[in-house]
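Thank you all for making time this morning.

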Amino acid sequence: MRRLHALRPVQVDERGQELVSFCGHCGQRPHPLATPRPSRVCGHCGLGLVLQTAAALAPRHDEPFLVVDTSLSVCAMSAAAEALFAIEETEAVNKHIADFLVPADANAPSAENLLTLLVDVASGSREACTAVVRPRQEYGVRFWARIGPCGSPRAALLVLS
Amino acid sequence: MMSVMRTLKTSEAAALLNVSPNTLRAWERRFGYPKPQRSAGQHRLYTHGEVAALRDALQQGLSISSAVSRAREALSTDTHTLVGALSGFELDRADTAMESALALRSVERAVEEVLLPSLDALGERCGIDSAPWAFAARWADGWLRRAQRLAPPPVRRSAILVGDATRNELDPDALAVRAFELFCGRSGVRVVALPVGGVSGLADVVTSLSPDAVVIAGGYHADDAVALWAYRVRVTAGALPTALFRGSPNAAPVRSTGARMLPPEPFSAHRQVLALIDDPHAAPVREVAPLRDGDRERREAQA
């Protein structure tokens, strides 16, 4: 019986990858054995909606992340990202992602691909990938970004580490 | 016929959104939405339309901020509809737009969030000397007066005398003054508005009304005419708390007369006047709220 208690249901996507839930504001993951909540609002902070993504991509609670839709507008910004960019989510929402992040090396062949990459991921025509980015107007600061799909509705999750 | 706006208590609104009342209050602090009114007992009252719009937006949203943004956008369609109806000279559609605005908001908020911004937008688009503006301003003036007639009878003993210093109903400030009168009337105060241009027989009206406060509203008439009117009121009723609403931007009579400058938004102004009646000795508000965009240009164009 004790072993049965250790079992937990795992949600997988169409490719069999494990999906995890996390709050779009605080990044906390709901306890896997917790009773599903009737609403998508995070039970920890109450200030974010619970989203799903692949386990390998999901942010840790202290990692800054943003959620971007196919029009490249910021749809969600974590509390850590708010501190990083010194802006509140309420002001950041609906702004273009390029107002916050740009490719780290403008001369690299992949530089122009960042926005294409995000659109492709958000529209579902591409899977998870990585990129090197930097905050706009900041030089010498670089982030390794994990980019992949999240939802719902489907969008691109960009986790900075 | 005005529809009755449906309101929800905090627990009811929280249940509709499947969140706790604490979460709802946290959203109010962080996002400013949903924005509750207060009941007579100072309890929060949420409009059903706002909460329902947010519930729908949350189902499709990626964050609460984006859901709030989407819900606000859904509510602002009333303004677009009203501007469209007035631009197309469609009175029935304009009335319907206000009806639907009233289904989601209180009369005060429908006026401040839909009617006045729509007229501002139309004034900016067509100019206040245009036929579309005249058409829209007359309709809005009629709507506000109709709403005033439908307001419940005065329940307070207080009365306010408004010295109307606007040109006529086509004056951009006139609608704000009508809205101010409407809000005061709906608060249970007796309001009588008289043009500052006429002083004949003024003493009889003032004696009969016995006002608790005087508000001089609008900036069209010359300071001399306003001063003469105010002097006649003072001679009859004695020194009363006096406030200026949407006065001339160049006039600075606040310190010399002790009159208060009210904020340009009718709702805030009416709240301050009620506070003035309740406590006439309270410190006057020194900070003068800025005029809305385009007010000064409109007045200059009007002059």
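Predicted model: local features only at pLDDT ≥ 70, side-chain atom pairs only at ≥ 80, totals over all residues.

For the complex, the predictor gives an ipTM of 0.82 and a pTM of 0.60. Chain B has an average pLDDT of 83, and 87% of its residues score at least 70. There are stretches to treat with caution, among them residues 252–256 of chain B, where pLDDT stays under 50 and where the model has three contacts beyond four places in sequence. Residues 285–296 of chain B also have a pLDDT below 50, and that stretch has 11 contacts in the model beyond near neighbours in sequence.

Let me turn to the make-up of chain B, which has 13 helices and eight strands. Of its 303 residues, 41% count as buried. If we take the contacts in chain B with a separation of 6 or more, 71% of them are accounted for by residues 24 or more positions apart.

In what order do the five strands of the open, parallel sheet in chain B run? Reading across the sheet, the order is E5-E4-E6-E7-E8. At the edges are strand E5, residues 190–195, and strand E8, residues 260–261, each of which pairs on one side only. Strand E4 of chain B, residues 159–164, pairs with E5(B) in the parallel sense over six bridges, and within that pairing B:Leu161 has B:Val192 as its bridge partner in E5(B).

Two helices lie across this sheet, and I will take them one at a time. Helix H8 of chain B, residues 172–186, lies across E4, E5, E6 and E7 of chain B and runs at about 155° to E5(B). Helix H12 of chain B, residues 266–278, lies across E4, E6, E7 and E8 of chain B, and runs at about 155° to E6(B).

Chain B also has an open sheet of three strands, with antiparallel pairing and the order E1-E3-E2. Its edge strands are E1, residues 7–8, and E2, residues 37–38, of chain B, each pairing on one side only. E1(B) pairs with strand E3 of chain B, residues 44–47, in the antiparallel sense over two bridges, and there B:Thr7 stands opposite B:Thr47 in E3(B). Helix H3(B) packs on this sheet, where it touches E1 and E3 of chain B, with its direction at about 65° to that of E3(B).

How many residues does each chain bring to the contact between A and B? Chain B gives 16 residues and chain A gives 20. On the side of chain B, the elements that give two or more residues are helix H2 (21–31), helix H3 (48–60) and helix H4 (64–87). The residues on that side divide into seven nonpolar, eight polar and one charged.

Finally, a look at A:Gly124, which is found in the loop between helix H4 (113–123) and strand E7 (129–135) of chain A. Is this residue, A:Gly124, buried or exposed? A:Gly124 is exposed, because 12 other C-beta atoms lie within 10 Å, and a residue counts as exposed at 12 or fewer. Leaving aside residues up to four places away in sequence, A:Gly124 touches A:Pro149 and A:Arg154. The C-alpha atoms of A:Gly124 and A:Thr70 are separated by 9.6 Å, and these two residues are 54 residues apart along the chain.

Notes. Residues numbered from 1 in each chain as written. Chains lettered and ligands numbered in written order. Pairing = 2+ DSSP bridges. Helix = DSSP H or I, 4+ residues; strand = E, 2+ residues; numbered from the N terminus. Contact = placed C-beta atoms within 7 Å. Axes fitted to C-alpha atoms, helices over the stretch in contact; angles between N-to-C directions. Buried ≥ 20, exposed ≤ 12 C-beta atoms within 10 Å, placed from the backbone. Nonpolar A, V, L, I, M, F, W, Y, C, P; charged D, E, K, R; others polar. pLDDT = per-residue confidence, 0-100.
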